[in-house]
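Trainee: Please take me through the terms used for this model, one at a time.

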Amino acid sequence: MHGRLTVATAWRVLRQLSHDPRTLALLFVVPCVLLGLLAWVYSSTPIVFDHIGGPLLAVFPFVVMFLITSIATLRERSSGTLERLLTMPIGKLDILLGYALTFGALAILQATIASFLAVHAYGLHVAGPEWALVTVALADALLGTALGLFVSAFAGTEFQAVQFLPAFIFPQFLLCGLLVPLSQLPVVLHRIADALPLTYAVDAMSRVSAEPTVSAHTYRDITVVLGFALAAVLLGAATLRRQTK
Amino acid sequence: MQDIVLQADALTINREGQPVLRDVSFAMAPGRITGLIGPSGSGKTTLMRAVVGAQRIAAGRLTVLGLSAGSKALRPRIGYVTQSPAVYDDLTARQNIQYFATILRLPRAAVDEVIGVVDLQPQANQVVGSLSGGQKARVSLAVALLGNAQLLVLDEPTVGLDPLLRQKLWALFARLADEGRSLIISSHVMEEAELCNDLLLLRDGRLLAYGPKAQLLHDTQTKSVEAAFLKLVKGVTRAR
């Protein structure tokens with residue numbers, strides 16, 4: 001790995017996106033519009049919005065970053081550029097971290113805008129500090145990026161990649177504690193939920209929404225989320241093969 | 001400089017359990033253009049991918065510039081053009097070449113140089129997705145020409161190019177070979193085979209013949225590579 005090539009790759013990915021302004025617009029606008037819609041839906045019951053607005057602020061950027069990243073890396077594979085890169089003097093981690101860096105930076109921007117809008121435009125009341133809200137949203141967006149990088153290794157076609165959303169993300173969403181509190185889940189499902197990253201992402205957001213100070217539990221949640229993200233990137237690097245059988 | 005650029009000893013490669021190359025042996029001298037000739041499905045691309053280290057070898061040995069194929073030290077020393085242009089559609093030609101030049105730790109001047117070599121100055125700042133097939137192929141070729149790769153592995157680099165440009169590129173290939181670089185160029189266009197110094201004929205994953213073009217024509221008592229190829233194929237079929 002060479003830091004310079006990581007940065008060069010990140011810059012290249014950013015330049016690619018700059019030629020595609022519509023994708024960039026969607027990236028920033030979609031989570032904001034969804035949150036606005038949610039606020040509107042619950043306009044007669046603001047207490048409910050305060051309860052689920054935070055956790056969903058964790059979910060929307062996570063999902064968007066997951067999709068964008070998995071398709072982008074799949075394109076790298078199918079265009080033959082990945083094969084070319086792997087025959088050149090560049091580390092596998094340079095390629096993955098380059099992607100992670102650019103999409104991570106976009107995730108920061110996206111999470112910041114969405115959090116700011118949620119609080120200041122949509123009237124989301126969170127008990128905890130605003131920076132904690134942004135931090136958790138950011139960790140979740142990074143998790144989405146990292147998981148997207150990872151699963152793209154297993155997608156042979158765009159059709160498969162798109163279906164990884166329902167396959168990987170929906171089960172996590174059903175089990176994350178947002179629909180039914182974890183304590184009310186059947187024991188087996190509770191155990192499974194404990195092993196899924198989105199559970200911690202949503203738990204962190206719920207805590208920031210409800211607790212006036214940032215507790216050790218919240219920090220633990222954020223650490224777990226970032227740990228999952230790091231593991232996904234490293235596993236993603238392990239799945240890149242310079243040679244085919 | 002090595003006496004041998006590329007050496008295969010009883011090279012066998014399988015893909016998905018099926019043998020694609022069987023028991024192929026040859027040794028290539030540097031500074032020559034070697035044409036890799038054979039029908040589609042004969043194993044040309046697989047052999048090239050093995051040379052650049054992208055394809056695992058099942059049995060035998062493949063030595064590139066004195067090192068085992070796939071060695072890390074070979075990566076900056078081989079230029080590779082895949083059959084379909086491996087460049088980013090959503091970058092300009094220059095941005096594409098710039099990125100790969102950074103990976104090879106080359107100065108900015110190297111980018112302009114290869115853009116000039118492949119005649120892409122007018123399109124340099126266009127997004128590759130908006131270029132024609134031939135222009136796109138030239139961007140991909142320009143990337144392979146970056147740096148001073150001693151070995152250039154070009155998989156059908158002139159497909160879809162107009163005759164004038166094709167002629168220019170072959171002149172460029174000849175110039176590169178004169179500089180002492182070695183080129184392996186696959187093609188199924190027999191006219192192009194005539195422009196190579198050496199020929200490596202493949203059929204059904206087996207080496208049909210390898211050697212200087214003149215030698216091949218002499219041995220087969222033919223006047224063109226196409227005729228030589230056909231005669232060799234018939235000979236093999238009869239021998240079976």
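Mentor: Axes are lines fitted to C-alpha atoms, for helices over the stretch in contact, and angles run from 0 to 180 degrees between N-to-C directions. This is a predicted model, where local features need pLDDT of at least 70, side-chain atom pairs count only at pLDDT 80 or more, and totals for chains, interfaces and linings use all residues. Residues are numbered from 1 along each chain as its sequence is written, while chains are lettered from A and ligands numbered from 1 in the order in which they are written.

Trainee: Why is α3(A) called oblique to α9(A)?

Mentor: Helices are DSSP runs of H or I with at least four residues, strands runs of E with at least two, numbered from the N terminus. Helix α3 (residues 46–78) of chain A packs on helix α9 (residues 197–210) of chain A at about 140°, the axes being 8 Å apart. Angles under 35 degrees count as roughly parallel, over 145 as roughly antiparallel, 65 to 115 as roughly perpendicular and the rest as oblique. Therefore α3(A) is oblique to α9(A).

Trainee: What makes β1(B) and β2(B) a pair?

Mentor: Pairing needs at least two bridges found by DSSP between two strands. Strand β1 (residues 6–15) of chain B and strand β2 (residues 18–28) of chain B have seven, in the antiparallel sense. B:Leu6, for one, is opposite B:Met28 in β2(B). The two strands form a hairpin with two residues between them, and B:Glu16 in the turn has a positive phi of about 50°.
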